[in-house]
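Let us walk through the side-chain contacts of this chain. Keep the model open as you read.

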Amino acid sequence: MNYDYSQIAAKAKKLIKKFGVPVTFVIGGGGAGINPVTGQPVEAGPGEVVTAYGVITQYKLNDIDGTLIKQGDHLLLCEALNPIPDTAQTATIAGVDWQVVGVSPVAPGGTPIIYKVQMRR
């Protein structure tokens with residue numbers, strides 16, 4: 001028997017909207033910033049602007065390894081949205097631009113509940 005996670009996803013979205021902050025992603029075309037793989041600048045391109053809500057938090061000190069997670073990186077717990085954020089994008093939160101470094105969905109049973117978005121300035 002499969003469990004229907006859609007109610008949990010709706011509850012997560014409601015709570016993130018209530019306690020989180022608006023986050024603006026540029027979907028498609030990529031945003032300006034630095035490519036985390038090559039270290040080269042990425043120019044801004046045309047794309048769809050999508051506003052979602054998220055809760056931004058810091059990584060625990062024991063999670064920071066200096067390679068995958070660097071000092072100053074933040075974790076954004078973002079409501080599930082479509083299209084999924086990716087590393088070619090920037091996210092703007094309270095007027096501050098962040099480079100999306102990684103995205104991990106929390107999707108039990110294939111239903112996206114939230115996205116864990118690693119962000120770097």
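The text below takes the charged pairs in turn, then the aromatic rings.

This is a predicted model: local features need pLDDT of at least 70, side-chain atom pairs count only at pLDDT 80 or more, and totals for chains, interfaces and linings use all residues. Residues are numbered from 1 along each chain as its sequence is written, and side-chain values use heavy atoms, with hydrogens and water left out.

Side chains of opposite charge can pair when their charged atoms come close. How many salt bridges does the whole structure hold? A search finds two. The term means a side-chain nitrogen of Lys or Arg within 4 Å of a carboxyl oxygen of Asp or Glu.

Start with Asp 73 and Arg 120. Their closest N and O atoms are 2.8 Å apart. Asp 73 sits in the loop between strands S4 (48–58) and S5, while Arg 120 is in strand S8 (residues 114–120). The two are 47 residues apart, so the bridge links distant parts of the chain. Helices (H or I, at least four residues) and strands (E, at least two) are DSSP runs, numbered from the N terminus. Asp 73 is buried, at 3% relative accessibility. Buried means under 20% relative accessible area, exposed over 50%, and partly exposed in between (1.4 Å probe, protein chains only). Arg 120 is buried too, at 18%.

Now take Lys 13 and Glu 79, which meet in a salt bridge at 3.6 Å, N to O. Lys 13 lies in helix H1 (residues 6–19) and Glu 79 in strand S5 (residues 74–79), 66 residues apart. Lys 13 is partly exposed at 45%, whereas Glu 79 is buried at 7%.

Last, the rings. The structure holds one aromatic pair. Tyr 3 and Tyr 5 have ring centres 4.8 Å apart and planes at 70°, so the pair is edge-to-face. Rings of Phe, Tyr and Trp (its six-membered ring) pair if their centres lie within 6.5 Å; planes under 30 degrees apart count as stacked, over 60 as edge-to-face and the rest as tilted. Tyr 3 is exposed at 52%, and Tyr 5 is partly exposed at 23%.
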